[in-house]
Amino acid sequence: MTSDSTDSAVSGVEIQLEGVTKRYPGSAEPAVKDVTMTIPAGQIVVLVGPSGCGKTTTMRMINRLIEPTSGRITIGGEDALELDDVRLRRKIGYAIQQAGLFPHFTVAQNIAVVPGLLGWDKKRIAERVDELMDLVGLDASQFRDRYPRQLSGGQQQRVGVARALAADPPVLLMDEPFGAVDPITRGNLQDELLRLQADLGKTIVFVTHDFDEAVKLGDRIAVLGEASTIQQYDTPEAILANPANDMVAGFVGAGASLKQLTLLRVRDVDYPDLALTADVGESPSELRARLARAGDTYALLVDRRRRPQRWVHVRNLSAATSLANIGRPVGDTVSTQSTLQDALEAILAEGGRAVVTGTRGEYVGMIDIETVTGVLAQLREEHESAGDAGDAGDGVDGDGTDAADGDGHGGDAGRAGVARGDAARDGAGRADGGVDGDAGAAADSGAGTS
Amino acid sequence: MTLFDYIADRWDRLALQSWLHVSEVVQSTLLAAVLGVLIGVAVYRSPVGSAVATGLASTILTIPSFALLGLLIPVFGLGPTPAVVALVLYALLPITRNTIVGLAGVDPAVTDAAKGIGMGRLAVLTRVELRLAWPAILAGMRVATQMLMGIAVIAAYAKGPGLGGEVFSGLTRAGSANATNQALAGTLGVVVLALLLEGVYFFIARFTVSRGIRG
């Protein structure tokens, strides 16, 4: 996802929070305490944390639905606190849970509100409404005149996003926008947000309590603790590989390694070309000789376009007259586009290793469990050494105990790597039927521990 | 003389009185609606304010209409003024209460979204909150109108306009010629007018409540 958004046109602007604090009268502790962070232009930054940690309050201070008690907020270099708050909000897209659509307005009227407030003429508004409905995947002729109650939850959420984008604001604030829809619809909406973002390059501040959602959507994730203090602010890869402290580790949950696998694709890792391949036209005796020379017992039969067909064992060859019908068909294969999580699923189903195919379905190599665990161990080492080099200055309150904790893990990287490999195997073994379902289960147990 | 002969005979006067009756009730309702909505808007955000406003309006309703009119006559004299004041006071309760209930019932997510996308305070109130509370406000006005149709009859005691005069004079002349016809004509007129206004409300709701929130 990082690579998706970097090559898109960036229309967003940078947001900076400096020492932003919100203190409600009558309460001793501030709701948000001294938050300083930079939200880079054109990126999705996810604020994630337990309920009541002040993540929504932090977000609502950006468009001043809540006025900060102290601190400075700049949006694209402009001091947000100097501007008229109502005008400021017209330049910031806002989408919330359950969409918050106006039930007495049609879909088109809902989307047209902000352009109307900005005084666009009717024709321009009508064109923009159609354009946006197309953008969020709703057929304009079918849905334009419907009322929100005539839409499904997912459709309402799409309209909510379209309304937020209506006046093409550089910044979008999204407060658990997909919290109230079913998991399948949520997945689709997330995919579409990523697709939209690849084209639009907005600066998006996204609030959620679902760490998996944060990992999927975020270019960067800010894990917030009590009073919105930033525990760790980094890329999803770095947070999964090296949680800054126990609170982050607890929030990441038990399935960290599995979640990491969703971020990596097979093409990103070194997979060995292990298998001995043979064309179906080859004679069995010739293949047996080649296997003997290579000291191998299995060969992969491929068709003319080198697409994997069947596995043959050296034992099958002695009696066979042709390679045409012998051997065991190849089951699950993974493509170079697949995530490592899909690859792991195929490896488990295939009994230790899986065939990797290229863009046209041709054989390109094999991937096995060691490759996967090796990649995880390497990632962890990379991020740990980066952390040791003082990268913790990303706004993380790197107090003494946390740093010591981190070093402790670093000293024992080998053991930790093995332990994680086990966890991955256990985790995947549990689900067996579907890797996606397993990620959900892992997330659930993770939420439980935090 | 049968009732129908009586009505045909006195049609001009009855029609005028009917018109005055309806006009008095409708104007009082509208005045009460303006006041009630203003009061509702002023207090709906505060639970205490809402309780006080509803409580006061309820107290007014417990005062017998005869007594209230009697109390108003020394202040406003006889004629339409005390009648209209009394009617407006009675109509306040259903309208104020329904305005408060309607505004408080607006989904907070919707007002939050309205503010969040850049509507000012007044726009949120007029374009979102009052539009969404409108069916409740209209229902309050409808109840108020029905109630006032009856109370306006009593207002004839303070020499208010309308069909009340017919009813009162019919009752006081009980036993003499056409006394029953007169009282009956007045009473039936009120019932018929109330039904007509009910129909009017149906059409007002039909044309002013968005299809998106119609029950």
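A residue is termed buried when its relative accessible area is under 20%, exposed when over 50%, and partly exposed in between (1.4 Å probe, protein chains only). The structure is a predicted model, in which local features need pLDDT of at least 70 and side-chain atom pairs count only at pLDDT 80 or more, while totals for chains, interfaces and linings use all residues. Residues are numbered from 1 along each chain as its sequence is written, chains are lettered from A and ligands numbered from 1 in the order in which they are written, and side-chain values use heavy atoms, with hydrogens and water left out.

A:Phe178 belongs to the loop between β7 (171-175) and α8 (183-200) of chain A, whereas A:Phe206 belongs to strand β8 (residues 203-208), 28 residues apart; helices (H or I, at least four residues) and strands (E, at least two) are DSSP runs numbered from the N terminus. A:Phe178 is buried at 1% relative accessibility, and A:Phe206 is buried at 0%.

A:Tyr298 and A:Trp311 form an edge-to-face pair, with 6.2 Å from centre to centre and 80° between the planes. A:Tyr298 lies in strand β12 (residues 298-302) and A:Trp311 in strand β13 (residues 308-313) of chain A, so the pair ties together parts 13 residues apart in sequence. A:Tyr298 is partly exposed at 33% relative accessibility, whereas A:Trp311 is buried at 7%.

Notes. Rings of Phe, Tyr and Trp (its six-membered ring) pair if their centres lie within 6.5 Å; planes under 30 degrees apart count as stacked, over 60 as edge-to-face and the rest as tilted.
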